[in-house]
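Good morning, everyone, and thank you for making time for this.

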Amino acid sequence: MTIADTLTRPPLQNDYLAYPDARGRFGDYGGRYVPETLMPLVLSLEAAYAAANADPAFHRELNGYLSSYVGRPSPLYFARRLTEHFGGARIYLKREELNHTGAHKINNCMGQILLARRMGKTRIIAETGAGQHGVATATVCALFGLPCIVYMGAVDVERQAPNVLRMNLLGAEVRPVTSGASTLKDAMNEALRDWVTNVADTYYLIGSAAGPHPYPMMVRDFQRVIGVETRAQVMEAEGRLPDALIACVGGGSNAIGLFHPFLNDESVKIFGVEAAGDGMHTDRHAAALGGGRPGVLHGNKTYLLQNADGQITEAHSISAGLDYPGIGPEHAWLHDVGRVKYLSATDDDALEAFKLCAKLEGIVPALESAHALARLPEVCAEVGKDGVVVLNLSGRGDKDLATVAARLGMNLGAIS
Amino acid sequence: MSEGRIAARFAALARENRAGFIAYVMAGDPDPDTGLAILAGLPAAGADFIELGIPFSDPMADGPPIQRAALRALAAGMSLEGVFDLARRFRATDTTTPIILMGYLNPIVSLGYEAFAAKAAAAGVDGLIAVDCPPEEADPLADALDANGVDLVRLATPTTDDARLAIVARRTRGFVYYVSVAGVTGAKAAVAADVAPAVARVRAASGLPVAVGFGIRTPEQARSIARVADAAVVGSALVDAIAEAIAEGRDPAGGALKTAAALSEAVHTARELVA
């Protein structure tokens, strides 16, 4: 199971695996909208990635770390009590929360850090919202002894203090970003400003399937291991392909990782779940597809939350990992062509699903993943009683306990 | 017409053997009326060209001074229509000073390339610098601007090698903007000794005048760059002068124009001093 097997599938009439094109386009989305200073850097990254992807030694090295350090393959678990609760369709959870560092983020970080080493880069920068990508980046930097600078909105530094401490323990420098609204999009602006200033030695390790080409393709390829494993595991367990896949979508890296190996299997229905925050009838949500329109930000053309004048507006979600006003360009395209159906779940929906999963399965999910759990009733109804549904449990919820406690009116300090 | 204004101004500068001073201000900073007063006063303060920033919520190539200027302008209600309105009102009193808009792509995409180009031309705008639109993505925008006689001014940078320079030069019009340092606006200082060979290279590849910006704050820096480039751009120092005047309760227009006058004096006399 390597990234290279993308290349060996037979061409279909509508081959969803043939994207992006040479210009980094998924239909009209994607591209390379970066300042001229960065253009030579993204072109050289594209060439370096193509060379690594064609080199079996790169895949051997990556697969070695994925198995011995990350703990792959992650299990595909039959969720018996959730299945009973929702009354029919057989629900499987892809247990990405069991990976080292507690989420799918490490899959991509491991791939990119090996690429950065091949490229001879000596300084790593990253942006983070909730801190999960920052922790995963700091982890692989510690593993290879590379200096790591993580840009994080000052507001997120406040509300995700445990992850700031984790990153510091891992040897990373966390730089609070006070520009703009001091959240994830501003952290990404600041990381881009760092990159444009330190062009010779610095590798920008983007955490989502977004940004200028080749990032959306490359991050997807590194997350594809989720779907490739799922395919084999569900065949083993059920003797057939699933009827439906479901995953939460912020930038969308865990979702595209699960979805991609199934895109050409027309019998598999695919659902992404965006964060609806206070509700889609309000302006306090983070659903770029549900409530945004196409535009250009952070190097790619995609759906964005913006006002009538093209100014980017703030996203709102209880889940810091979904709190971003854009979405990866491949999702924008899959939405437009109708291959993936994008739903949404509110903060309250996610909280209820968070509690339900903990109580019925003994698994405390990340609030991000809880958005996908919240739409299980509809998806189960869609596939019927004998249907098979795979949900990507993209992360674990330990990091969210303070947020949940505050929301439920509990004082975590008094409990612990 | 528009191509006329930029080309005519560079031709006049060449005849006089002096470099041009390009003053960058953020449209509507700190508010639309004061912004217009600053624009109206810039030619008398020695600005040969005006670069007018389109405020954007996420200016990822700008340092803190211009980030703050954008936030001030947006807070005061500036919009893309407001930018056109400012240009139109400036044009009513000045028909010769070229105006080049500088900004990020999303507000332009949001309006639509065709509508943007037509409205810019109608407002008396002569050129556009789109920071996050490299040549690889620029053709649809360039088509719309060409059709309306607005120049798409390209950026060349220290990371632009000879092979890329040919790509940058291919559809550039008016002049080429050489970004003198790898970095955001207003952060690092340009070094004339490094800039001189780069300017010569860009000029040879494009056959166009070369303006230099991103690393020029002081009259001394402006003077040294004016000796080697066709024009020197100053932005962060001007918007900082506005911010300082506001902080100290002085007139922002007066502060910006005084700073502009000192910089333009340095640019305009740079070559005399060498001779």
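This is a predicted model: local features need pLDDT of at least 70, side-chain atom pairs count only at pLDDT 80 or more; totals for chains, interfaces and linings use all residues.

How much area is buried between chain B and chain A, and what share of it do carbon and sulfur atoms give? The area buried between them is about 2,800 Å², and carbon and sulfur atoms give 53% of that, where buried area means the accessible area, taken with a 1.4 Å probe, that two parts lose on being put together, summed over both.

Residues are numbered from 1 along each chain as its sequence is written, chains are lettered from A and ligands numbered from 1 in the order in which they are written, and side-chain values use heavy atoms, with hydrogens and water left out.

Let us stay with the interface. Contact here means heavy atoms within 4.5 Å, and by that rule 36 residues of chain B are in contact with 33 residues of chain A. On the chain B side, B:Asp58, B:Met60 and B:Glu137 lose the most area to chain A, together 24% of what that side buries. One of these, B:Glu137, also meets A:Arg25 through its side chain in a salt bridge, at 2.5 Å from N to O; a salt bridge is a side-chain nitrogen of Lys or Arg within 4 Å of a carboxyl oxygen of Asp or Glu. Across this interface the rule finds four salt bridges.

Next, consider B:Thr157, which touches A:Glu36 and A:Thr37 as well as B:Tyr178 and B:Val179, if we leave out residues up to four places away in sequence. Is B:Thr157 buried or exposed? Its relative accessibility is 1%, so B:Thr157 counts as buried, given that buried means under 20% relative accessible area, exposed over 50%, and partly exposed in between, with a 1.4 Å probe and protein chains only.

In one of them, A:Lys301 pairs with A:Asp28, the closest N and O atoms being 2.7 Å apart. Because A:Lys301 lies in strand S12 and A:Asp28 in the loop between strands S1 and S2 of chain A, the pair ties together parts that are 273 residues apart in sequence; helices (H or I, at least four residues) and strands (E, at least two) are DSSP runs, numbered from the N terminus. A:Lys301 counts as buried at 17% relative accessibility, whereas A:Asp28 is partly exposed at 43%.

A second pair in chain A is A:Glu330 with A:Arg220, whose side chains meet in a salt bridge at 3.2 Å, N to O. Here A:Glu330 lies in helix H13 and A:Arg220 in helix H9, so parts 110 residues apart in sequence are tied together. A:Glu330 is buried at 4% relative accessibility, and A:Arg220 is buried at 2%.

In chain B, finally, a network of salt bridges links B:Asp139, B:Asp143, B:Asp146, B:Arg170, B:Arg171 and B:Arg173.
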